[in-house]
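Dear colleague,

Please find the structure below, followed by a short account of what was found in it.

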Amino acid sequence: MPPRRNEDESMSDIRRARKALASRIVEGDGKASPSERRAAFNHSGLAEPLRVLVDKVARHPHRVTDEDILAARKSGLSEDQIFEIVVCAAVGQATRQYDTALAALDAETDAATRKE
């Protein structure tokens, strides 16, 4: 059964809001550079110690330690820069998970429609 018009509009609104959020945290004003924020969001291309911190935020956030934050501080980053990079890493990971879930849902919906 195809989604009703209001459901389509709601999903479109959600997708626009997600896109606006990603754009704002990566490209908007901030203390960390847009390239660092983009790399954190994409979970790629960061040097130590940020690579370790971003990897933990994306894969095992419960394992982030004070030492991980301290290592980022010792590399010359401010608390604000670290915060922005951590937020980008978390939102980037959440976005990838959400997109994967939507793709799986779409595939299942398509398969069910073909069976009908």
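D68 lies in helix α4, residues 66–74; helices here are DSSP runs (H or I, at least four residues), numbered from the N terminus. The model is a predicted one, in which local features need pLDDT of at least 70 and side-chain atom pairs count only at pLDDT 80 or more, while totals for chains, interfaces and linings use all residues. Residues are numbered from 1 along each chain as its sequence is written, and side-chain values use heavy atoms, with hydrogens and water left out.

With a relative accessible area of 11%, D68 is buried (under 20% relative accessible area, with a 1.4 Å probe and protein chains only). Apart from neighbours within four places in sequence, D68 is in contact (heavy atoms within 4.5 Å) with V52, L53, K56 and R63.

D68 also takes part in the packing of two helices. Helix α3 (residues 50–59) packs against α4 at an angle of about 145°, and their axes are 9 Å apart. The axes are lines fitted to C-alpha atoms over the stretch in contact, and angles run from 0 to 180 degrees between N-to-C directions. On the α3 side the contact is made by L50, V52, L53 and K56, and on the α4 side by D68, I69 and A72.

Elsewhere, G28 sits in the loop between α1 (5–27) and α2 (34–42). G28 counts as buried because its relative accessibility is 15%. Not counting residues up to four places away in sequence, G28 touches S23 and R37.

Yours sincerely

Note on methods
Buried < 20%, exposed > 50% of the residue type's maximum accessible area, 1.4 Å probe, protein only.
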